[in-house]
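Please keep the sequence and the structure in view while reading.

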Amino acid sequence: MKTLYTLIFTLLIVSQVKSQDTFLTKTGYVSFFSHSLVEDIKADNNQGVSIINTKTGEIVIQVLMRSFMFEKALMQEHFNENYVESDKYPKAIFKGNILNFEKLPNEQSTVNITGILTVHGKEKKVETKAILQTTSDEIILRGDFMVEVADFDIKIPSVVINNIAKVVKVSFEFHHVPYK
Amino acid sequence: MKKVILTIFIVAYTITGFTQDLSSILDKETAKETTVVSATFKGTRLMNGHSIETRKKGVFEFLISHRFGRINSGTYDLFGLDQSNIRFGFEKALTDNFTIALGRNSYEKTYDGYIKYKLLQQKSGEKAFPFSVTLFESATEKTLKDYAPENKPTFANRLTYTSQLLIARKFNSNFSFQFSPTYIHFNTVKKSVDSNDIFALGFGGRMKVSNRVSINGEYYHTLNPFESKSTQNSLALGIDLETGGHVFQLIFSNSRSMIEKGFIAETTGNFFKGDIHFGFNVSRAF
């Protein structure tokens with residue numbers, strides 16, 4: 001019986017994420033870039049939320065679709081209303097792992113990240129390389145990867161099929177600080 | 001054996017436990033969001049009248065609107081298509097909330113200028129607000145020479161003013177409703193029995209049938225219509241079609257004028273007797 005109590009107690013302790021193991025940013029930068037012969041479309045988001053568990057290398061990232069800023073206001077409206085349907089699917093979420101996180105040398109290193117990206121209610125496995133930099137008070141993660149618009153069931157009407165790239169480049173940079 | 005099972009349980013729980021906790025931290029950190037509700041309507045017009053929408057800062061919009069003759073005029077006039085009146089308009093958004101505009105309607109050769117100012121915006125989330133309010137103020141000058149030469153009206157006599165408080169709520173991504181209390185002041189009226197001040201209540205809405213198409217309706221009820229001529233309340237039904245930078249609106253209405261004072265106070269057609277004008281609004285934003 002004693003063993004059981006000890007185990008339950010241990011379980012409770014272990015399952016808590018200790019604050020010093022969690023790093024967070026609420027001003028993460030995420031952008032996407034679509035290049036086509038007709039026009040280039042770029043949108044920036046400076047309100048990405050990213051959390052890293054330094055014990056396990058787990059990472060969760062969330063961005064609000066409505067926080068993407070476009071050069072043209074009408075583009076932004078169409079993006080939210082017609083393409084990603086932000087009323088129905090307000091967030092893009094990435095849940096994944098930074099592989100071999102515990103074995104990383106300090107300073108700067110290239111890491112492999114795998115996980116599931118959810119956009120427009122559709123899930124897609126993503127594997128990418130990123131640069132991870134650890135300083136005394138920050139964990140910086142930056143990189144880019146390509147996503148296919150069609151993977152997320154985002155329909156592009158034939159009228160503008162030449163204006164929007166089929167593969168869009170997503171760039172990110174997160175400066176995580178210890179979460180209290 | 002028990003211990004083994006427990007250990008497995010702990011390991012499994014610990015692994016899933018971490019994910020849950022990261023997500024719950026995330027939920028906690030992002031709960032306090034307030035978002036402005038956008039795109040209550042696709043265009044700056046609901047049908048004949050204005051919607052609460054204004055364009056974002058710097059946008060220059062060119063509008064062309066047509067209203068044809070009455071559909072019940074038959075084949076001789078090709079269901080009204082032989083008669084057409086047109087309005088050109090230019091709108092410039094000085095800020096996200098403030099638009100100025102100029103236009104001319106060939107009907108009664110009327111010039112119009114107006115300002116639109118977004119007073120309040122519907123918001124959802126932490127600091128939610130239930131509806132949007134836009135102020136609309138216009139002045140129009142009728143330049144049609146429909147007077148005897150000796151009775152030439154002065155510039156001031158040709159002016160009419162319209163004030164509207166446009167109040168709208170986007171109930172969900174498909175359905176939006178607008179209520180538009182209206183006050184119109186005519187500097188000159190035809191007969192002395194007519195009031196210079198006309199009050200009306202507007203009701204309108206849109207129902208999206210797809211991401212780029214919506215069905216719209218709009219009705220203006222005049223509280224104190226002109227006494228000297230029989231006017232009707234204005235009704236308009238139509239469709240919004242959106243493609244890229246354009247919004248096309250196809251309209252069926254008993255009103256002929258495309259200016260507030262005209263369609264709200266001076267409509268004479270009876271919609272249900274077939275006095276219907278087909279028309280369209282096309283806008284192009286730059």
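## A pair of strands in chain B

In chain B, strand β7 (residues 132-142) pairs with strand β8 (residues 159-170) in the antiparallel sense, over 10 bridges. Two strands count as paired if DSSP finds at least two bridges between them. Strands (E, at least two residues) and helices (H or I, at least four residues) are DSSP runs, numbered from the N terminus. One bridge joins B:A139 to its partner B:Y161 in β8(B). Strands of a sheet pair through backbone hydrogen bonds, either parallel or antiparallel.

## Basis of the model

The model is predicted; local features need pLDDT of at least 70, side-chain atom pairs count only at pLDDT 80 or more, and totals for chains, interfaces and linings use all residues. Residues are numbered from 1 along each chain as its sequence is written, while chains are lettered from A and ligands numbered from 1 in the order in which they are written.

The average pLDDT of chain B is 89, and 92% of its residues score at least 70; pLDDT is the predictor's confidence in each residue, from 0 to 100. For the complex, the predictor gives an ipTM of 0.71 and a pTM of 0.81.

Strands β7 and β8 of chain B belong to a closed barrel of 12 strands with antiparallel pairing, in the order β2-β3-β4-β5-β7-β8-β9-β10-β11-β12-β13-β14. From one strand to the next, the twist averages 20°, where axes are lines fitted to C-alpha atoms (for helices, over the stretch in contact) and angles run from 0 to 180 degrees between N-to-C directions.

The domain assignment divides chain B into domain 1 (1-31) and domain 2 (32-285); such bounds come from an automatic or database assignment. The C-alpha centres of these two domains of chain B lie 58 Å apart.

Chain A contains two helices and nine strands, which follow the pattern α-β-β-β-β-α-β-β-β-β-β along the sequence. Its C-alpha atoms fill a box of roughly 70 × 40 × 25 Å, taken along the principal axes.

Of the 180 residues in chain A, 25% are buried, that is, 20 or more other C-beta atoms, placed from the backbone, lie within 10 Å of their own. The largest nonpolar core has 29 residues, among which A:I51, A:I59 and A:V60 touch the most other members. A nonpolar core is a set of buried Ala, Val, Leu, Ile, Met, Phe, Trp, Tyr and Cys residues joined through C-beta atoms within 7 Å.

How values were computed:
A residue is buried if 20 or more other C-beta atoms lie within 10 Å of its own, exposed if 12 or fewer, and partly exposed in between; C-beta atoms are placed from the backbone.
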